Amino acid sequence: MGSTIRIANAPCSWGALEFEGMVGDVIGYRQMLDELRDTGYTGTELGDWGFMPAEPTALRAELERRGLAMVGAFVPVALKHIEAHTDGAADAVKVARLLAAVAEQGGTPPLIVLADANGSDPARTMHAGRVTPDLGLSAAQWRSFAQGAELVARAVRDATGLATAFHHHCAGYVETPDEIARLLELTDPELLGLVFDTGHYLYGSGGVDGQAVQAGLARFGERIGHIHFKDCHPGVAERARAQGWDYFEAVKHGVFCELGQGGVDFVAVTTWLRARGYCGWAVVEQDVLPGMGAPKASAQRNREYLRAIGL
């Protein structure tokens, strides 16, 4: 069984973060795409709507000028609230139409990376990395959440033919392994896949090393359609839990460190992907905030690390 893993990056690695609680230095999309290409990546995610051109001809020109493929786009929707579903689906379709219009010919189709409105619930934000069952959704809320995810995925598929996969994420309602399992149980695998994020999984599971990530891959492998390469520093995670840091404080302290500096065993992850014949993108995400260094230098180090392990 063959396996081709291509390496992409994302605007969040250049400080273009989707959270009001974390604002990076403003770097324009042209500089970001130039530096992404120059540091050895061949694909990019879209970033927040409006960060890159939203007109297909203009966006396609920017990508082709640099030899880059469009991998996907992060679309947050407050799925707990049924009143958010219709607008959320419309937003996802709008983004999906742009992705479809600039899709790489003959390559892996881009996808919608659906997520909860992470960071919007104070209790979940405060307890990220140490969530307990009492902070979870009720049975009725789970039904609404799952129905909303399916509604979005169906709308995207019907309008554009593109797939949707859900991104579990700290400070959202799908963070822990059991919460991931619950969402997958309630949704149609033909409609909704899983974006497996190694760093968010390690922090959200309460794990301290690569064994937790390996367990997650084994548990959810059948639904994984896309993967994010993110590391998690066990020491910072331990301090965050002990000192009661919220999600944003933990990120500012570097809980999601550069690849190879934390607890994720990327050699084992890569071995798992290849054994399963994974043919798609691995997207590096490195949240770089003011005072955490230069995004280009960080992207370069992450790419060099991946090359060193054969990617």
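**Figure 1. Around helix α11, starting with the glycine that follows it.** Just after α11, G277 takes a positive phi of about 70°. Everything here comes from a predicted model, where local features need pLDDT of at least 70, side-chain atom pairs count only at pLDDT 80 or more, and totals for chains, interfaces and linings use all residues. Residues are numbered from 1 along each chain as its sequence is written, and side-chain values use heavy atoms, with hydrogens and water left out. Helix α11 itself covers residues 266-275, and its buried members are F266, A268, V269, T270, W272 and L273. "Buried" means under 20% relative accessible area, "exposed" means over 50%, and "partly exposed" is in between (1.4 Å probe, protein chains only). Those buried residues pack against β1 (4-9), α7 (198-205), α8 (210-220), β7 (224-229) and α12 (295-308).

**Figure 2. Strand β1 and its two partners.** Strands count as paired if DSSP finds at least two bridges between them. On one side of the story is β8 (residues 279-284), which runs parallel to β1 and is joined to it by five bridges. Look for I7 opposite A282 in β8. Then there's β2 (residues 43-45), also parallel to β1, with two bridges joining them. Here N9 has T44 of β2 as its bridge partner.

**Figure 3. Y203 and the nonpolar cores.** A nonpolar core is a set of buried Ala, Val, Leu, Ile, Met, Phe, Trp, Tyr and Cys residues joined through side-chain atoms within 4.5 Å. The largest one has 87 residues, and L46, M52, F145, Y203, F229 and V255 touch the most other members. A second, separate core has seven residues, including C12, V71, W281 and V283. In soluble globular proteins, nonpolar side chains tend to be buried together. Zoom in on Y203: leaving aside neighbours within four places in sequence, Y203 is in contact (heavy atoms within 4.5 Å) with residues including A128, C170, R241 and F256.

Figure 4. K230 counts as buried because its relative accessible area is 1%. The side chains of K230 and D287 make a polar contact of 3.2 Å. A polar contact is a pair of N or O atoms within 3.5 Å; within protein, one must be able to donate a hydrogen and the other to accept it, and residues adjacent in sequence count only if both atoms are side-chain atoms. Beyond four places in sequence, K230 also touches residues including D197, H200, F256 and E285. C232 is buried because its relative accessibility is 2%. Not counting residues up to four places away in sequence, C232 touches Y203, V255 and C257, among others.

**Figure 5. Y41, a tyrosine tucked into a loop.** Y41 is found in the loop between α1 (29-38) and β2. With a relative accessible area of 2%, Y41 is buried. A polar atom of the Y41 side chain lies 2.6 Å from the backbone oxygen of A299. The backbone nitrogen of R303 lies 3.2 Å from a polar atom of the Y41 side chain. Setting aside neighbours within four places in sequence, the contacts of Y41 include I7, N9, L68 and N302.

**Figure 6. A171 and its positive phi.** A171 isn't a glycine, yet it has a positive phi of about 75°. You'll find A171 in the loop between β5 and α6 (177-186). A171 is buried, with a relative accessible area of 2%.

Note on methods
Helices (H or I, at least four residues) and strands (E, at least two) are DSSP runs, numbered from the N terminus.
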